[in-house]
Amino acid sequence: MKQQAMSEQDNTAYKPSEIEPKWRERWEAEGLFKAPDDASDPVYVLEMFPYPSGDLHMGHLKNYVIGDLLVRLLVAEGRTVLHPMGYDAFGLPAENAAIQRGIDPREWTLSNIETYRETIRQLGLSYDWDRELATCDPEYYRWTQWIFLHLYRNGLAYRKSSNVNWCPSCQTVLANEQVEGGGCYRCETEVTKRKLPQWYFRVTDYAERLLKDIELLDRWPERVRTMQENWIGRSEGANVTFPLLDRAKEAVEGATGTEDPGLEVFTTRPDTLFGATFMVLAPEHEWMEHFLAVSPDREEVTAYIEQALLKSEIERTSTDRVQDGVATGLEALNPLTGEAVPIWVADYVIESYGSGAIMAVPAHDERDHSFATRYGLPIRTVIEPPDGEQVPEDEAWTGPGTLVNSGAFDGLTVEEGIRKTGEHLEATGQGGPAVTYRLRDWLISRQRYWGAPIPMIHCGKCGIVPVPDEDLPVLLPEGDIDFTPKGKSPLEAVPEWVAVPCPECGGEARRETDTMDTFVDSSWYFLRFCDAKNDEQAWDREKADHWMAVDHYIGGIEHAILHLLYSRFIMKVFYDTGYVKDVEPFSSLFTQGMVLRFGDKMSKSKNNVVPVGPFVGEWGADTARITILFAAPPERDFEWTDEGVQGAFRFLNRIHRFCSQQVDLAREYHRPDHLPMEEMGPAARSAYRKSQQTLKKVKHDAWGFHFNTAVAALMELYNELSRFTPETDLDRRVMGHSLGLFIQMLAPFAPHLAEEHWSRFGEPESVFRTRWPEPDPEGLEEELITFVLQINGKLRGEVEVPAADAAEKAVMLEAARNHENVARYMEGREVIKEIFVPGKLVNIVVK
């Protein structure tokens, strides 16, 4: 239904297309939302910046509306708010779109940014546009490259060859955090493994602090805190070194120069070490190539490894599949039993956990038991269950008990055995107590074009050399470049870009051709917003300290691990190196729910999006805001419906018409002090009380992120005022006063309409430059009435109750039964009938 058809064709009809543009222009012209760096009361509000993939739709808009509402509340309180906008502009989607269209990803991205900018401005959102940035701008990625070099100089960036997650569709590597359910987080293609030289950030150096400092995030959702804790995955146990024997020892000694090499494993159960009867290595283990060189079963082991690496990590670790593996024919020494134990390879062991090797204790681990049973390997019990409990032969005992068959450790409980075994290993130089983490170092290399080039140079004489700071940014080449994925970076095919003199010796050298993961770009953008135009440094320390940490950060739960964890890591690095005062980047985090349509998340691929631009042109930005804010609590998903849109528009239309009709009265009386309630008639008193109670509730609910109930309260107040017909001068003052409060409360939710009527009420300044008044304490008090209580028609008591309760039968019957005198007359008697007269009396008939 068209909104024009919903409005009567008269001069009080609500026409957002006439109202909204002039207020957007005025806000920008007056610099209403600019944030000077010398503010004495700074607040930083930030929504996770968008990836510019096309026009905005309502699924994107929700978090921007939430942030805008908070900013307007703060500005109305006299606070100075930093509220910037930028674009997370590098990445695979732009490159893939460019390939499909045969254009440069830069052209595609900048066009999308322009569309986003125009749409966001059409919404009138409260951004300081002087701080706008895009991560694909050389003036931004110059500093992304400087950050890489800063980490490199501090030992936190390094390059190594390893088996990495590879997306065959995107033709690039993925960090562990970007593999979801065994598939690529972008295209869902099953991820495989490939051995490549890659760049990493040493995030594991910060694992314990990232975990411990979750305690500081008391204004984050518990769900997100738990997700980060689980991803970091702290495990306590012990490291154990199994010395290699014979050919295995010789192979590793010869390849690494290590004397008496040993296989190190991490175990959470060192108390079961006497039950370790074989070892299992991950197919990707760093020593596997050395073992293959001397394995008597080399062909069989090689074939197994090749097949294992084709499987996803989810498939390999599934508990529903039969575990399989292959013996290498090599052995190591159990350091406590002195027995030789065979070394196997099995895909259920993952390189990324611990050291990529395990000691197998089949009597007390279900997977090891299944494996040992299948291949006829020894199973030795070393934990005896309590109270003589019998364990079936086809099961492993994983519960508590007492150590047996464990030499000097016999008789200890499991807890004592874990502690004392760890101490013994440490004392004898065979290992010792240890902590490990699920978290792996952050793989930041990408074999694609559209990203920030890694600022390193490969020289045959000097090795790997950093690009000097004065040569930044290392610009992406432009021109006729083939972006088609080929399993290596497209930059390799640009020889004039790759060839470069070595900055140390001046000889021939070549640039690093990998680009950075886009999560590097977004791991620090909140700092750049503090000093967005600085061309001498990434940010000025004084300005960053003035605005940081972000007071209100708003975005989707899907970023709970990747973006938020990486940002916390980068912030800690700069805290340690003296560039910021805060150890955490985001003081408060709010994760909004999704906007659904036809039961699914809005998505172009599902053809269920509602584009913002055309919607605003027809219905107005304020209608979009009220639809989003009223539909459900903001942390919950909600279904976008035409009925919801029409309801929001009708509400705004009624407000517009009512305020237009009452404009003369409102112009005269909209900003008086508190009014004398004792002189008011019942209708005026009810309207005045409702306005004061709504003022308190809207402020409370808005700051509590209960936006839907705040809008509901405004609807109730409108209903109350629309029923009130002023007759006396005091009545008119009550109406004018209440309308003034109503428009101030409406302003954060429907800012254009509120500004329109605030102006019509005769106010020269923006409604957002006017502080909300405090509610009248007398008006917050409930109106009390005296309620008569009868037994068999005779007065037996009276009770004072709020007027609202006096209309509720169940409430008043309960009050009557609890009245001391009424209860005395009812004692031991049967209730025949209960008579309720709303607002007046209860009569209980008994015999």
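These are my notebook entries on a predicted model of one protein chain.

**Entry 1. Ground rules**

I worked on a predicted model, in which local features need pLDDT of at least 70 and side-chain atom pairs count only at pLDDT 80 or more, while totals for chains, interfaces and linings use all residues. Residues are numbered from 1 along each chain as its sequence is written, and side-chain values use heavy atoms, with hydrogens and water left out.

**Entry 2. The whole chain**

I began with the secondary structure, which comes to 30 helices and 34 strands. Helices (H or I, at least four residues) and strands (E, at least two) are DSSP runs, numbered from the N terminus. The C-alpha trace spans about 105 × 85 × 45 Å along its principal axes. Of the 847 residues, 55% count as buried; buried means under 20% relative accessible area, exposed over 50%, and partly exposed in between (1.4 Å probe, protein chains only). I then looked up contacts, meaning heavy atoms within 4.5 Å. Among contacts with a separation of 6 or more, 74% come from residues 24 or more positions apart.

How many of the 11 residues of α21 are buried? I found nine, and α21 is mostly covered. The buried residues are A621, D622, T623, A624, R625, I626, T627, I628 and L629.

I next examined how α21 (residues 621–631) packs with α27 (residues 751–760): the angle is about 120 degrees and the axes are 7 Å apart. Axes are lines fitted to C-alpha atoms, for helices over the stretch in contact, and angles run from 0 to 180 degrees between N-to-C directions. The two helices are therefore oblique to each other. On the scale used, angles under 35 degrees count as roughly parallel, over 145 as roughly antiparallel, 65 to 115 as roughly perpendicular and the rest as oblique.

From α21, A621, D622 and R625 meet P751, H752 and L753 of α27. The residues of this contact divide into three nonpolar, one polar and two charged. Here Ala, Val, Leu, Ile, Met, Phe, Trp, Tyr, Cys and Pro count as nonpolar, Asp, Glu, Lys and Arg as charged, and the others, Gly among them, as polar.

**Entry 3. Helices α8 and α19**

V224, Q228, W231 and I232 in α8 meet L564, L565 and R568 in α19. I noted five nonpolar, one polar and one charged residue in the contact.

**Entry 4. Helix α24**

I checked the length of α24 (residues 682–703): at 1.5 Å a residue its 22 residues should span 32 Å, and its end C-alpha atoms are 32 Å apart, which agrees. The expected span is 1.5 Å times one less than the number of residues. The buried residues of α24 include Y688, R689, Q692, L695 and D701. What covers its buried residues includes α3 (58–76), α25 (707–723), α26 (729–746) and α28 (777–780). Just after α24, F705 takes a positive phi of about 65 degrees.

**Entry 5. Residues in loops**

Is N334 buried or exposed? I found N334 in the loop between β13 (325–333) and β14 (340–346), and it is buried, with a relative accessible area of 0%. Its side chain reaches the backbone nitrogen of T337 at 3.2 Å. Leaving aside neighbours within four places in sequence, N334 is in contact with F242, L273, A276, E339 and V341.

P490 lies in the loop between β22 (463–466) and α15 (495–498) and counts as buried at 5% relative accessibility. The C-alpha atoms of P490 and W450 are separated by 9.5 Å, with the two residues 40 residues apart along the chain. Beyond neighbours within four places in sequence, the contacts of P490 are E95, Q447, R448, Y449, D482 and F483.

D531 lies in the loop between α17 (525–528) and α18 (541–547). Its relative accessible area is 6%, and D531 is therefore buried. With neighbours within four places set aside, D531 is in contact with R131, A538, W539, D540 and K543.

V191 lies in the loop between β8 (183–184) and β9 (192–201) and counts as buried at 5% relative accessibility. Setting aside neighbours within four places in sequence, I listed contacts of V191 including N165, W166, L174 and S312.

Key: Polar contact = N/O pair within 3.5 Å; in protein donor to acceptor, adjacent residues only side chain to side chain.
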